[in-house]
Amino acid sequence: MEKLVDILKKLDRRWIFLLIFLSCIIPFWFPTLFKQEFSTSKETQRVYDIIEGLDEGDAVFIDWAFNPTLQAELLPMAEQTIKQCFDNKLRVFIYYPDLTAISLGENLVANIVKEEKYSKMEKGVDYIHLGYLPISIDMMIFSMYSDFKSTFGKEGKIFKGIKTFNDIKYMMSFAGSAHPEYYLLLQRRFGFRMGAGVTAVTGPDFIPYLQTGQLDGMLFGLKGAAEYENLRLKNLDVSEEQYKKEKKLNQKANAGMASLTLSHLIMFAFIGIGNFIYFYERKYKKSN
Amino acid sequence: MKKEIPILIGFFATIGWYLEFFFAGTFFENWKMFFTTGFRSVAIVGLLVGVVNVLRVNYSRIKYNNDRWFSVYQMSIIFLMVILASLRGVSPGTPFDAMYTFGFIPLDATVFSLLAFYVASASYRSFKIKSIESAFLLVAAILIMLSKMPLGEAMWSKIPAIGEWIMDGPTSAGKRAILFGAYLGGLTMMIRIAFGLEKSHLSD
């Protein structure tokens, strides 16, 4: 036993890296490795219901505050939100508070409109990229409440009837940091409705805001994104053939769930082994 | 006067923004836009200063043979992206976008994904039950992780509810306490800046 403990204690961390790497990669070839059914959290359901409840032509503001580092978790969320908005014929305004995020968002929307279902969506009419502003969020909010269009200096039919941020019916902030808090700080002052899509790491920071009702709903990590994908698919009113097609196109977060599960199991195993070594050594030292 | 004038500006701006919350209306409309435009101008000048700084730092590195080839490579990429963006734009399908998609995205995502490997290695070495508190932490962490993956729910249907309770109860309570302390600290700092007691932002 002592020999085994000694081997485990001196285990090169490259073995851990290799196992984590394999646990992330292998499930992509075997997506049905684990049971993939899971319930929908109430936060995800709320985001879905709110967007579903908006009227045709209503405006939704998307705050795209993430760059490629967080795309695994946040890109599927943003994709499903934009698609749901398009399904409900809502106008989508996408703002990028991070310069390196602009192309990521533009590429995503360009890929969405390539899909047959959304091929009629027009830039400047159904959606618009508002770009980046070199000012802080609080300044931008004050500016949007004075004049929405001139804040961004953009033109298009999409701005019809939108004078100030008051005319935006809902906003979603996607971020992997405390960024949505900048909006929440001024929410009390202006009273706009908002939801958030955040990474699993930053999610707990926003629970108090959900409890106070400042956040209407929240998509929480990869599981939140997968729940959202499933919700949209479940509520699609299409033929079986079309459903299969849609499922293939809207499974990015679900595809990562098996990988997430296996890598966590590997981590549990290592935590267990680490604790076993610790207790074994403590006992051995005490007896000596 | 070098110190007094910025302190006075800080004092009036702080009081103004503070009062705006209580007396929102037309009186403050133009004043707010003045500040918004002002901030935008300052940020653009700041961007220019940043560009000049990048050029100066890399020029001296190239000249004095200090990481020369790294700087040459870095500057070439920057100039190439600026030239391509100026000539063909930045929309999807352009050469700039190709550099972003096939260069920046994989590199940026790779750097961040390395975190998973280090977290796994660190948890193996240091996530140990050394006390009652660390035992609570470990159990809570495992329950939360299980609640965030499908396997947890498949193992026991109550796992998501337990995870939710930990988040809504103990985690949220701790977070609220931290937030409350941080915002009180922020308020104190605001008062100190407004009355000129804090001068670190003036390089004092």
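Start by selecting residues 132-147 and 159-194 of chain B: these are helices H5 and H7, which pack at an angle of about 125° with their axes 8 Å apart. Helices here are DSSP runs of H or I with at least four residues, numbered from the N terminus. Axes are lines fitted to C-alpha atoms over the stretch in contact, and angles run from 0 to 180 degrees between N-to-C directions. H5(B) is therefore oblique to H7(B), as angles under 35 degrees count as roughly parallel, over 145 as roughly antiparallel, 65 to 115 as roughly perpendicular and the rest as oblique.

A word on the model: it is predicted, with local features needing pLDDT of at least 70 and side-chain atom pairs pLDDT 80 or more, while totals for chains, interfaces and linings use all residues. Residues are numbered from 1 along each chain as its sequence is written, and chains are lettered from A and ligands numbered from 1 in the order in which they are written.

On H5(B), pick Ala140(B), Leu143(B), Ile144(B), Leu146(B) and Ser147(B); on H7(B), pick Ile159(B), Pro160(B), Ile162(B), Gly163(B) and Ile166(B). Contact means C-beta atoms, placed from the backbone, within 7 Å.

Now go along H7 of chain B to Ile178(B). Is this residue buried or exposed? Ile178(B) is exposed, because it has 12 other C-beta atoms within 10 Å (exposed means 12 or fewer, buried 20 or more, partly exposed in between).

Key
Helices (H or I, at least four residues) and strands (E, at least two) are DSSP runs, numbered from the N terminus. Two residues are in contact if their C-beta atoms, placed from the backbone, lie within 7 Å.
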